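Here are a few notes to read alongside the model.

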Amino acid sequence: MKKNRKLFGVFNIVDIILILLVIVAGIIGFKLFIGGGQEDVSATKTYTYVVQGREVLDETVGAPVVGEKVFNSSTAAYLGAVKEVTSEPYTEVIFSKETGAYQKLPVEGYSDMLLTIEGNGTETEKDITVEGTTVKVGMELNVKGKGYAFKGIIVEVRDGE
């Protein structure tokens with residue numbers, strides 16, 4: 001006569017050990033991947049970042065007003081307020097037949113624009129987030145405000161000044 005080695009009538013000891021191992025592995029995995037993703041967030045402070053718009057119309061350069069709100073034209077997210085606007089003539093390198101050399105000449109009606117935006121944000125180990133938008137040098141940003149819009153690149157990010 002064969003002895004039945006099952007506990008509780010359904011599971012044997014090996015089954016119970018395997019079930020406990022799976023439960024423990026699940027709890028550890030959950031804590032590592034889900035619960036461990038919390039980052040230390042420092043206090044909110046003011047950040048300033050500069051967006052460079054290349055080859056924008058001269059009318060666009062004159063449109064931003066210091067203190068006005070700026071938005072992302074793709075997502076309509078608030079980016080901050082205009083702190084400063086600077087520009088310089090847009091130039092292209094063109095071959096001159098008269099001199100036989102390349103020259104850097106300004107293009108009429110276009111400028112390179114630097115728009116400084118200020119907003120409240122937080123900083124983590126990985127990112128700086130200003131007004132809910134992650135800002136990083138080299139990131140492309142679609143900027144719009146009252147009477148203007150352009151595509152630019154973030155060229156500088158600073159702590160509040």
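Among contacts between residues at least 6 apart in sequence, what percentage join residues at least 24 apart? The figure for this protein is 64%, where a contact means heavy atoms within 4.5 Å.

1. **Ground rules.** This is a predicted model, so local features need pLDDT of at least 70 and side-chain atom pairs count only at pLDDT 80 or more, while totals for chains, interfaces and linings use all residues. Residues are numbered from 1 along each chain as its sequence is written, and side-chain values use heavy atoms, with hydrogens and water left out.

2. **Overall make-up.** The protein has two helices and eight strands, and from the N terminus the elements run α-β-α-β-β-β-β-β-β-β. Helices (H or I, at least four residues) and strands (E, at least two) are DSSP runs, numbered from the N terminus. Of the 161 residues, 23% count as buried. Here buried means under 20% relative accessible area, exposed means over 50%, and partly exposed lies in between (1.4 Å probe, protein chains only).

3. **Helix α1.** This helix covers residues 13-33, 21 residues in total. Its span from first C-alpha to last is 30 Å, close to the 30 Å expected at 1.5 Å a residue; the expected span is 1.5 Å times one less than the number of residues. Asparagine 12 caps the N-terminal end of α1, with a side-chain oxygen 3.3 Å from the backbone nitrogen of valine 14. The cut-off for such a polar contact is a pair of N or O atoms within 3.5 Å; within protein, one must be able to donate a hydrogen and the other to accept it, and residues adjacent in sequence count only if both atoms are side-chain atoms.

4. **Strand β2 and its partners.** Strand β2 (residues 69-72) has Val70 and Asn72 on a covered face and Lys69 and Phe71 on an uncovered one. Three bridges join β2 to strand β3 (residues 78-96) in an antiparallel arrangement, and valine 70 has glycine 80 as its bridge partner in β3. β2 also pairs with strand β7 (residues 140-145), again antiparallel, over two bridges; there phenylalanine 71 stands opposite lysine 144. Strands count as paired if DSSP finds at least two bridges between them.

5. **Lysine over a ring.** Lysine 69 lies over the face of tyrosine 78, at 5.9 Å from the ring centre. The test asks for NZ of Lys or CZ of Arg within 6 Å of the ring centre and within 35 degrees of the ring normal.

6. **Positive phi values.** The hairpin of β2 and β3 has five residues between the strands, and alanine 76 there takes a positive phi near 65°. Alanine 76 counts as exposed, at 52% relative accessibility. Glutamate 131, in the loop between β5 (128-130) and β6, has a phi near 50°, a positive value in a residue other than glycine. Glutamate 131 is partly exposed, with a relative accessible area of 29%.

7. **An aromatic pair.** Rings of Phe, Tyr and Trp (its six-membered ring) pair if their centres lie within 6.5 Å; planes under 30 degrees apart count as stacked, over 60 as edge-to-face and the rest as tilted. By this rule the count comes to two aromatic pairs. One of them joins phenylalanine 95 and tyrosine 102 edge-to-face, 5.2 Å centre to centre with 65° between the planes. Phenylalanine 95 is partly exposed at 43% relative accessible area, and tyrosine 102 is exposed at 60%.

8. **Buried residues in strands.** Which buried positions might you look at next? Threonine 116 sits in strand β4 (residues 101-123) and is buried at 5% relative accessibility. Leaving aside neighbours within four places in sequence, the contacts of threonine 116 include Thr48, Ala81, Glu84 and Arg158. Threonine 133, in strand β6 (residues 133-134), is buried at 12%; not counting residues up to four places away, threonine 133 touches Ala77, Tyr78, Leu79, Ile128 and Met139. Serine 96 belongs to strand β3 and is buried at 8% relative accessibility.
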